[in-house]
Amino acid sequence: MTQPDSHSAVRLTKQKDWWRGAVIYQIYPRSFQDSNGDGIGDLKGITDRLDYVADLGVDAIWLSPFFTSPMKDFGYDVSDYRGVDPIFGTLQDFDQLLAKAHRLDLKVMIDQVISHTSDQHDWFKQSRASKDNPKADWYVWADAKPDGSPPNNWLSIFGGSAWTWDPRRCQYYLHNFLTSQPDLNFHNADVTAALLDEVRFWLDRGVDGFRLDTVNFYVHNESLEDNPALPKDQINSTIAPAVNPYNWQDHVNDKSRPENIDFLKRLRALLDEYDHITTVGEIGDAQRQLDIMAAYTSGGDKLHMAYTFDFLGGDFNAKYFAQKISELEAILTDGWPCWAFSNHDVQRHISRWGISPEQQVAFAKLSAEVLLSLRGSVCLYQGEELALPEAEVAFEDLVDPYGIEFWPNYKGRDGCRTPMVWEHEGGQAGFTTANRTWLPIPVEHQRRAVDAQTDGSVMHHYQDFLAFRTATPQLREGDIKIIDATDQVLAFIRELDGEQMLCVFNMSDQAATIELPMLADFGVAARKTNSTIAGNQLSLPALSSYFGVNAS
């Protein structure tokens, strides 16, 4: 038998590990492109716009849920894991999207929301019918306390108790999110087997991977013990808004359970039956995020990647970033992270990090460079490459139940979910021919539409830097070592196979100077820069960067 040459072996390895260092573009289907004039984005619309995504230079797309759903939580309440909701089209439309993406050399990842279903899913309809039907134990049911109150103190992340009384069974059922999103019982082997079958359906259809929603919420403590209260100095709003008392508990019993590891291993074993599949898990835990990420991605037998909320919140400053990177590197030995600054659940980072309007373009360019220079893979959120700020949505236009519940202190997620803007002139920014869109399109967004992104724009900067990253193995797959972090400047080295690159970022809105002894070894700029070097000192304008390589 002829042995493959070394170049073939490298290509095969790269194909298998395509996700390592990949850049994944998140598409929120309701808001990307409407093809049928109903004011809501759909799968055909996405297919029509895939050339744009490929031209950015990303490796893959991640599609937020498009499954059959009553849309109480806009697709994250699934009533049929194998169906496409008519709002978005048909399975044939999905197949056509997948085929075109693959022709464009784009991998396709889809959301899997398996911690819970919609209360309209047939499984739950059967489960709630009686206490002795075949699916009676497929969800988390519990008797009331003697006084009729819920079984314990667990809270829903969307507000109120995590338990809702069901008069059919005269029991409470668990829901970590909306009352219409009952939690599946992962202690039931029939449930986990059924969920793996749902995953297999999409693997057989040809998808390249999965983003796993709320991956640390799968398993609960069967003893249903109360969650302890957090000490006040440990309370933070990383996972839920500050006005939500969910933050006051230490969630050791309702999520992030050690038993979850067993299911993740079973899931990985299924994925490994197929070629070149990847996973990225969403980890939502305010106290143990990095520990969970390490546990879920280590050993090569669980998740391929995971992301936390460290940079979906926090501060945009050098010391905070250096701290989080160092903490991760200390604990994530053989695991692989995935980073994001924005997504469909958080305020867009252009607004979240408090950037003044006149500095937003410079900030958007620098933040892209920082994100795309971190060790790990990256998720970009649609419109991020246009420097879109958070949209201001009036209360009467809100559709997000989370925002409606906690208004006005927390305005919900609608502000980051408004439709993509393609044309700076004309009606509805080229998103739809309808007179009204499902969420309003801000005027300031339309001014930043794709066709308004001329040379030197944020979009072109993303394209340019993505090409630079693709051509620079150290940035895609290299190790990272923090060199320094002043009040303004973050500096680290990326290294792969002995090749090093110095990355320095002035993350402040004022000019800065940093002293770096290794500057003599990295005096050749790998990219155009306005920085200046004098001896061991590097001077950087506000919101700027320097990428240096060895002169030899």
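Ala286 counts as partly exposed because its relative accessibility is 23%, where partly exposed is the range between buried, under 20% relative accessible area, and exposed, over 50% (1.4 Å probe, protein chains only). This is a predicted model, in which local features need pLDDT of at least 70 and side-chain atom pairs count only at pLDDT 80 or more, while totals for chains, interfaces and linings use all residues. Residues are numbered from 1 along each chain as its sequence is written, and side-chain values use heavy atoms, with hydrogens and water left out.

**Ala286 and helix H8**

- Ala286 sits in the loop between strand S10 (278-282) and H8; helices (H or I, at least four residues) and strands (E, at least two) are DSSP runs, numbered from the N terminus.
- Once its neighbours within four places in sequence are left aside, Ala286 is in contact with Asn236, Thr238 and Ile239, contact meaning heavy atoms within 4.5 Å.
- With Ile239, the C-alpha to C-alpha distance of Ala286 is 5.9 Å, although the two are 47 residues apart in sequence.
- Helix H8 (residues 289-297) is itself mostly covered, with 7 of its 9 residues buried, and these are Gln289, Leu290, Ile292, Met293, Ala294, Tyr296 and Thr297.
- The cover over the buried residues of H8 includes helix H7 (260-271), strand S11 (305-307) and helix H9 (318-331).
- After H8 comes Gly299, which has a positive phi, near 85°.

**Salt bridges**

- In the whole structure, a search finds 28 salt bridges, each being a side-chain nitrogen of Lys or Arg within 4 Å of a carboxyl oxygen of Asp or Glu.
- One of them joins Asp51 and Lys100, whose closest N and O atoms are 2.9 Å apart; this pair links distant parts of the chain, since Asp51 belongs to helix H3 (residues 50-56) and Lys100 to helix H4 (residues 91-103), 49 residues apart.
- Asp51 is partly exposed, because its relative accessible area is 36%, whereas Lys100 counts as buried at 17% relative accessibility.
- Arg375 and Glu329 also form a salt bridge, with 2.8 Å between the closest N and O atoms, and this pair too links distant parts of the chain, Arg375 being in the loop between helix H11 (360-371) and strand S13 (377-381) and Glu329 in helix H9, 46 residues apart.
- Here Arg375 counts as buried at 8% relative accessibility, while Glu329, with a relative accessible area of 27%, is partly exposed.
- A network of salt bridges links Asp73, Asp345, Asp400, Arg413 and Arg417.

- Arg211 and Asp213 meet through their side chains in a salt bridge (2.9 Å, N to O); Arg211 is buried with a relative accessible area of 0%, and Asp213 counts as buried at 5% relative accessibility.
- Glu282, which lies in strand S10, is buried as well, because its relative accessible area is 4%.
- Apart from its neighbours within four places in sequence, Glu282 is in contact with Arg211, Leu212, Asp213, Thr214, Val215, Asn216, Tyr307, Phe309 and Asp345.

**Negative surface patch**

- On the surface, Asp479, Glu495, Asp497 and Glu499 gather in a patch of negative charge; patches are made of residues with over 30% relative accessible area and no salt bridge, like charges being joined within 9 Å and nonpolar side chains (Val, Leu, Ile, Met, Phe, Trp, Tyr) within 5 Å.
- Asp479 belongs to strand S14 (residues 479-485) and counts as exposed because its relative accessibility is 53%.

**Backbone features**

- Trp407 and Pro408 are joined by a cis peptide bond, with omega about 0°, and Pro408 is in the loop between helix H12 (401-406) and helix H13 (443-446).
- Met71 has a positive phi, near 65°, in a residue other than glycine; Met71 lies in the loop between strand S3 (67-68) and strand S4 (80-84) and is buried, with a relative accessible area of 11%.
- Asp105, likewise not a glycine, has a positive phi of about 65°; Asp105 is located in the loop between H4 and strand S5 (107-112) and is exposed, with a relative accessible area of 63%.

Terms used:
Areas by Shrake-Rupley, 256 points an atom, 1.4 Å probe, with all protein chains shown as cover. Lys, Arg positive; Asp, Glu negative; His and termini not counted. Charge placed at Lys NZ, Arg CZ, Asp CG, Glu CD.
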